[in-house]
Amino acid sequence: MAASILRRCRGSLQRCRGSLQRCRAGDVAALHSGPSLRRVQAPGHIASGRRAGNSFAGERGVAPWVAVVGLEIHAQISSNSKLFSGSQVQFAAPPNSLVSFFDASLPGTLPALNRRCVEAAVMTGLALNCSINKKSLFDRKHYFYADLPAGYQITQQRLPVAVNGSLSYSLCVGGKKNQMLTRTVRIKQIQLEQDSGKSLHDDTRSQTLIDLNRAGVGLMEVVMEPDMSSGEEAAAAVRELQLILQTLGSSQAIMAEGQLRVDANVSVHHPGEAYGVRTEVKNINSARFLARAIDYEIQRQIKELENGGTVMNETRAFDYKLGCTIPMRDKEGKQDYRFMPEPNLPPLILYDTKSLPANTNHQQVVNIDWIRERLPDLPSVRRVKLVEQYGILPEHSFTLLNEDGLMEFFENVVRQTQMNPKKVIGWILNDMLGYLKQHNLTVKESPVSSLFLADLLNLRERGAISSSAAKQVLEELWKGEGKTPLQIVKEKTLELIQDQQELEQICQAVMEGHQEEVMEIKKGNRKVLNKLIGLVQRTTRGRADPVLVKQILEKRLSQ
C-alpha cells in the first residue's frame, strides 16, 4: 500500500516537473500565439436545458472542439465564530492563536453547530433560487493532510442544505462594454462544511509549519453545473456570485484574503460526443486568474489530444507567473474519501411558517420564510433601479455595483448636487475611478469626499468655473489638504472671466498671433477653430467659457 502511494507521488512529481518545463519552453507563448480560438457557433440552449459550449478550431482544421466548464466555489461564511466551535474568526491573526480544543481535534470534544452559518447558507440558497431542504445531513469526508488534525472534514455529501438553483450573470459581447449578454448557470447544491488549516512551507529550512487558525471556519461550497465554456464566462459568474454574497452579508468574499476560492473542472470534446476526461484546477483566488487558467487548460487539452495523447483525470494548479497549469496529484475517487454519516451531529431541521411548531423559541430554530422576507435587493435588481432612477446606461450600473462603495458614493453626490446624474456618472467613472485605480485605492480610501465632489460639480453647473478649471480643482482635491473646492478656486483665481470685453481682447490677441490658423479657417477648414479655442483657454488658464469663446471667434472671423 505504502509502495503504491509512493510510486503515485513520484509519478505526479515527474509530470509536474515535465509540465513546468513545457510551460517555460513555450506553452505560455502558445496561449497567445498558438492555435487560434475560433468560435464556430454562438452558444445557445439545447433541449436538455444545458447550454452548448463554445467551439474551438484545432490545429489541423478537423472537427471543432467544445469546452465544458463547471465550478466549485468555497465561500467563507461571515461569522464571528467557527462552524462547530466558539473560536473567533479573524484574518491574519498570530498563528495558532484562534484554536479551540475541538479545532485541534482533541479526544472527547464535540461539535456545536453555529446558527449564524446555517442562516447564511439558507440566505445564499434563497438568493440563488435554490430549493431549501428542511432536513439536511452532515457527513465525514476522510483524507489525511497535516493541516486537517481530525483526519476528516465535516461536510454535507448526501443531503446538502440547498439544491437546484440558478445564477444569472452578464458579460460583454466581443469585449464591448455597451453590449451585454445575460446567461444562466445552474446551481447543483450549496453545502456547509469546515475549512482546513493552513500549511506554511519554509523552503529555506526545508520544513512545513502548520497554522490551525483557519481550521473549522465555516464554508459554503457552491457547486455549479458544467454550463459554461470559457474563462470569460466563469469569471463573470464568479464576480456576480461575489457581489450577491457581499450584498447579503453572508460572506465578505474577499478573494485576496482567501474568502472566496474557486476550483474549475475543465474538459473538451467534439460536438455530439460524450464529455471528455476532466481536470480540476484548484484554489484559484482571483477572477482574472480564473479566466486565464481555464482558457489555458482548454488549449492544453486540445493540443494534447490532437498530438495523440490523453488527458489525465488529475488535479492541477495555476501558476500565475508562468501563465500555465501544472499537475498536483491524481484525482481521488469518492471511495477514497470513505464518506460516512457524522455520528456526533443530528439531522439539521429547518422550518417555514407553516411547519413551525407552536410555542417555539425562535432563537432555537431557523425559519426559512423569516429569512426570505428579509432578503435585500440583489445586484440585478439594484442595477435596474439605478438605470430607471437616474437614467444612466446599463453598463454604467454594472461598474457602480462592481466597485465596492462606488454606488453609495455616486448616490451621495447626486443628492448633494444640482448636476444631472448622467453628467455626474461621467465625473465618477472617468475622473474619480480612473484616479483611484491609478493609485491602487479603494473608494473608501478616496481623499475626495462625496461632499467635496458635489460642491465642485455645483460650481461647474452654476457656470462659476469651466470644465478645465474644474479638473484643476479636482487635482488639488486629490492632495487631501482639506481645502474646499471654493477655497481652491479663489486661491488659484479659476473663476470664469465675466467681463466680455476682456475676453474679446484675449481672443483678438490670439488671432493676431496665429494668422496661419486664421487663414485656414477662412479657407473653410473649420476644425482649426478648436485649436484657437484651446489657445484662448491656455491663455486664460481655463477661465474662459468655451461656448462664449467660440461665439466671439466666429463673429470676428466672419468680419
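Analyst: S105 counts as partly exposed because its relative accessibility is 30%; the classes are buried under 20% relative accessible area, exposed over 50% and partly exposed in between, with a 1.4 Å probe and protein chains only. This is a predicted model, in which local features need pLDDT of at least 70 and side-chain atom pairs count only at pLDDT 80 or more, whereas totals for chains, interfaces and linings use all residues. Residues are numbered from 1 along each chain as its sequence is written, and side-chain values use heavy atoms, with hydrogens and water left out.

S105 lies in the loop between β2 (65–76) and α2 (115–127); helices (H or I, at least four residues) and strands (E, at least two) are DSSP runs numbered from the N terminus. Although S105 is not a glycine, its phi is positive, near 60°. N440 is likewise a non-glycine residue with a positive phi, about 55°. N440 occupies the loop between α10 (421–438) and α11 (450–461), and it is classed as exposed because its relative accessible area is 70%.

The 12 residues of α11 should span 16 Å at 1.5 Å a residue, and the distance of 16 Å between its end C-alpha atoms agrees; the expected span is 1.5 Å times one less than the number of residues. Buried residues of α11 include S450, F452, L453, A454, L456, L457, N458 and L459. An α-helix has 3.6 residues a turn, so residues three or four places apart point the same way. Among the elements covering the buried residues of α11 are α9 (406–415), α10, α12 (467–477) and α13 (485–492), where contact means heavy atoms within 4.5 Å. After α11 comes G463, with a positive phi near 80°.

One of the covering helices, α9, contains M407. M407 counts as buried because its relative accessibility is 9%. Leaving aside residues up to four places away in sequence, M407 touches R382, L386, L400 and L401. Its C-alpha atom is 9.9 Å from that of R383, which is 24 residues away along the chain.

The nonpolar cores come next. Such a core is a set of buried Ala, Val, Leu, Ile, Met, Phe, Trp, Tyr and Cys residues joined through side-chain atoms within 4.5 Å. The largest has 68 residues, and L71 and V122 touch the most other members. With residues up to four places away in sequence not counted, V122 touches I132, V161, L350, V366, I368 and I371. A second, separate core of 40 residues includes L400, I425, L433 and V443.

Strand β14 (residues 314–319) has 5 of its 6 residues buried. β14 runs parallel to β13 (residues 279–284), to which 2 bridges join it; two strands pair if DSSP finds at least two bridges between them. Within that pairing, V281 stands opposite R316. From β13 the chain passes through helix α4 (residues 287–306) to β14 in a left-handed β-α-β crossover; a right-handed one would, with the strands pointing away from the viewer, run clockwise from the first strand over the helix to the second. β14 also pairs with β15 (residues 324–330), in the antiparallel sense and over 6 bridges, with A317 opposite I326. The hairpin of β14 and β15 has 4 residues between the strands, and G323 in this hairpin takes a positive phi near 75°.
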